[in-house]
Amino acid sequence: MKNFTPKILTSIAAASLALCSATTALSQVSDSEISMITLTFMQNIDIAFVDPVTIADPTPGFPAVGEDTFCVAGTGFSNFSIVFINPTGTGPDFLLEPAVAGTSQIMYQVFFKNDTSPGPGIPVVPGMAIPGNPIQTSVCAAPADDNAKFDIEIPFPEWDGRESDGPFTGMLELTVVSE
């Protein structure tokens, strides 16, 4: 007679190991989630150091001119647009009000430049955005950071002979928007 004991014991041991492994595999539980990682930057834009423009004693026969440099800064975008308006509600044009009641206003023109180099920039249409201006700095910390300018020009025929109606004053609002 053949001895089956070693084979049976080996089979029982193998079955026992397999059952143990199956029990361990059946008792393992898991779950998972996915996290989306996003790095964002807050957009901010700043316009600073816009000062009053005083034009005194213009030369007869020539336009009266003045300018102001200012700073535009931003983060989170590369370009900005700028809009110039007359905030006083006296119309869509750029107008100066006379000191003498009942006399007519003086119209002026505005030019914008996205740098501070000499000479006027591009003509501005009241209320129309001038797009595509590159941001040059991330912060306006001091007037030395000025990186843009506007020029004011009052044509000679507008102010000629109007000295007794002055001084003429008006407001100009500048709004910058990220692009």
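Me: How much space lies in the largest pocket?
Reply: Happy to start there, with a note that this is a predicted model, where local features need pLDDT of at least 70, side-chain atom pairs count only at pLDDT 80 or more, and totals for chains, interfaces and linings use all residues. Residues are numbered from 1 along each chain as its sequence is written, and side-chain values use heavy atoms, without hydrogens and water. A pocket is an open set of points on a 1 Å grid over the protein atoms alone, where a 1.4 Å probe fits, with protein on both sides within 12 Å along at least five of seven lines; joining points across faces, edges and corners and filling them with probe spheres gives a volume of about 760 Å³.

Me: Which residues are closest to the centre of the largest pocket?
Reply: The lining has 27 residues, where lining means having an atom within 4 Å of a point. Closest to the centre are V53, I55, L96, I154 and F168.

Me: Which strand gives the largest share of that lining?
Reply: Strands here are DSSP runs (E, at least two residues), numbered from the N terminus. With three residues, the largest share comes from strand 9 (residues 148-154).

Me: Why is one side of strand 8 and of strand 10 left without a neighbour in the sheet?
Reply: Three strands form an open antiparallel sheet in the order 8-3-10, and pairing requires at least two DSSP bridges. Strand 8 (130-134) and strand 10 (173-178) stand at the edges, so each has a single partner strand.

Me: Which residue of strand 8 stands opposite F80?
Reply: Strand 3 (residues 79-85) pairs with strand 8 over three bridges, in the antiparallel sense. Opposite F80 stands N133.

Conventions. Helices (H or I, at least four residues) and strands (E, at least two) are DSSP runs, numbered from the N terminus.
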